[in-house]
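Subject: Structure for you to look at

Hello,

Here is the structure I said I would pass on. My notes on what was found in it follow below.

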Amino acid sequence: MRSMVPDYLADALADVEPDTSGALADYIPELAAADPGRLGAAFATVDGEVYGAGDVDVELTIQSISKPFAYALALADRGFDAVLAKVGVEPSGEAFNEISLEPATGRPRNPMINAGAITTHALAGVAGLGPAGRVERVLDGLSAFAGRRLRVDEGVCASELEHAHRNLAIGHLLRSHGVLTEDPDAVVEGYTRQCSVLVTTRDLALMAATLANRGVNPRTGERVVPEPVVRQVLSVMATCGMYDAAGDWATQVGIPAKSGVAGGLIGALPGQIGIATFSPRLDQHGNSVRGVSLFGRFSADMGLHVM
Ligand code: DON
């Protein structure tokens, strides 16, 4: 049975391959230079089997797919109360780079939009760690989810930082509300480094499988974060992971998921599998066009709709 999975994946890729709609993200110049034809998909089971087809070993930057994992680290390091005091859990219904702060408190609506993710980045690691130590903590944590040592793409990071006016503005707004309590420029730089971590589609499937396996990496056996943290993260992925397309996604695919502007997309099914796809052309919400199609197909073919 399992030996049929690679053929199934290859067939699914062949079906979506002709779709060249959508566009590369161009607000980060380095991403606009990516090969738009890349296409890959991988499944990782909770017992550590990984199946892939297409460009599953090509590196891409993780971008917003880092957000649920950084949220997990913040929850594990600081506890639920401290994190929830700073970042909400309500869908914003707005684009990922909207300001989306609660008017009374300045608290970002959720940790999947940029405002929330900049805040959760600042909450990773023990209090008082400082910008460099925090980036190390996040890199160590993302690596533990993937089960191998990951690194930052310095070119993509520098390219984004040169044009990060919007995230810097959000950082300063968060600082003015007291949601951030330190230099917002340093926090946004750390967040941008987090987004610039290089992963393959295989890594992404294993990171998703670590969530599906309730916080234990199915390959290394390492408990990366406690089980209640994973439940919280999957809930927020389910409601907010696809931004202003979250409702369409919930009804059509129905899997807790997270997308990134480099074209990655992950989904996690508790107790079963982590799924990842890679195709760089994006729809108007910043979600991978062919990735969304592939997930729709996987969900329908295997009855994975759980939401
Ligand atoms: O902060 C940004 O805008 C990027 N580093 C990440 C955005 C992203 O991946 C949105 N997801 N589709």
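**Ala76 and its surroundings**

Ala76 sits in helix α3. This is a predicted model, so please read what follows as a description of a prediction. Ala76 counts as buried because 20 C-beta neighbours lie inside 10 Å, and 20 is the cut-off for that class. Leaving aside neighbours within four places in sequence, Ala76 is in contact with Val225, Pro226 and Val229. Val229 is one of the buried residues of helix α11. Thr61 is 15 residues from Ala76 in sequence, and their C-alpha atoms are 24 Å apart in space.

**Overall form**

The protein has 13 helices and seven strands. Its radius of gyration is 18 Å, close to the 19 Å that the globule rule gives for 307 residues, so the protein is as compact as a globular protein of that length. Along the principal axes, the C-alpha atoms fill a box of roughly 55 × 35 × 35 Å. Of the 307 residues, 55% are buried. Among contacts with a separation of 6 or more, 68% are between residues 24 or more positions apart.

The domain assignment gives domain 1 (2-63 + 198-302) and domain 2 (65-195). Their C-alpha centres lie 21 Å apart. In the contact between them, 40 residues of domain 1 meet 34 residues of domain 2. On the domain 1 side, the elements that give two or more residues are α2 (29-32), β4 (198-199), α10, α11, β5 and β6. Which of these gives the most to that side? The answer is α11, with eight residues. By type, the domain 1 side divides into 22 nonpolar, 12 polar and six charged residues.

In soluble globular proteins, nonpolar side chains tend to be buried together. Here the largest nonpolar core has 99 residues, and those with the most contacts inside it are Ala72, Ala205, Ala208 and Ile266. At least three residues of this core come from each of domain 1 and domain 2. Ala208 touches Ala44, Ile266, Gly267, Ala268, Gly274, Ile275 and Ala276, not counting residues up to four places away in sequence.

**Helix α11**

Helix α11 covers residues 227-240. At 1.5 Å a residue, its 14 residues should span 20 Å, and the end C-alpha atoms are 20 Å apart, which agrees. Its buried residues are Val229, Val230, Gln232, Val233, Leu234, Val236, Met237, Ala238 and Cys240. What covers them includes α3 (66-78), α10 (201-212), α12 (246-252), β5 (257-259) and β6 (264-268).

The loop between α11 and α12 holds Tyr243. Is Tyr243 buried or exposed? Tyr243 counts as buried, because 25 C-beta neighbours lie inside 10 Å. Its phi is near 55 degrees, a positive value in a residue other than glycine.

Gln63, in the loop between β3 and α3, also has a positive phi, of about 50 degrees, although it is not a glycine. With 26 C-beta neighbours inside 10 Å, Gln63 counts as buried. As background to both residues, most residues other than glycine have a negative phi.

Helix α9 takes in residues 184-195. Its 12 residues should span 16 Å at 1.5 Å a residue, and the end C-alpha atoms are 16 Å apart, which agrees. The helix is mostly covered, with 10 of its 12 residues buried. The buried set is Pro184, Val187, Val188, Glu189, Gly190, Tyr191, Thr192, Arg193, Gln194 and Cys195. The elements covering these residues include β3 (60-61), α3, α5 (114-123), α6 (131-146), α7 (154-162) and α8 (165-176).

Glu182 lies in the loop between α8 and α9. Glu182 counts as exposed because 12 C-beta neighbours lie inside 10 Å. Pro131 is 51 residues from Glu182 along the chain, and their C-alpha atoms are separated by 9.7 Å.

Regards

Methods:
Residues are numbered from 1 along each chain as its sequence is written. This is a predicted model: local features need pLDDT of at least 70, side-chain atom pairs count only at pLDDT 80 or more; totals for chains, interfaces and linings use all residues. Helices (H or I, at least four residues) and strands (E, at least two) are DSSP runs, numbered from the N terminus. The radius of gyration is taken over C-alpha atoms; the globule rule is 2.2 Å times the number of residues to the power 0.38. Two residues are in contact if their C-beta atoms, placed from the backbone, lie within 7 Å. The expected span of a helix is 1.5 Å times one less than its number of residues. A nonpolar core is a set of buried Ala, Val, Leu, Ile, Met, Phe, Trp, Tyr and Cys residues joined through C-beta atoms within 7 Å. Domain bounds come from an automatic or database domain assignment. Ala, Val, Leu, Ile, Met, Phe, Trp, Tyr, Cys and Pro count as nonpolar, Asp, Glu, Lys and Arg as charged, and the others, Gly among them, as polar.
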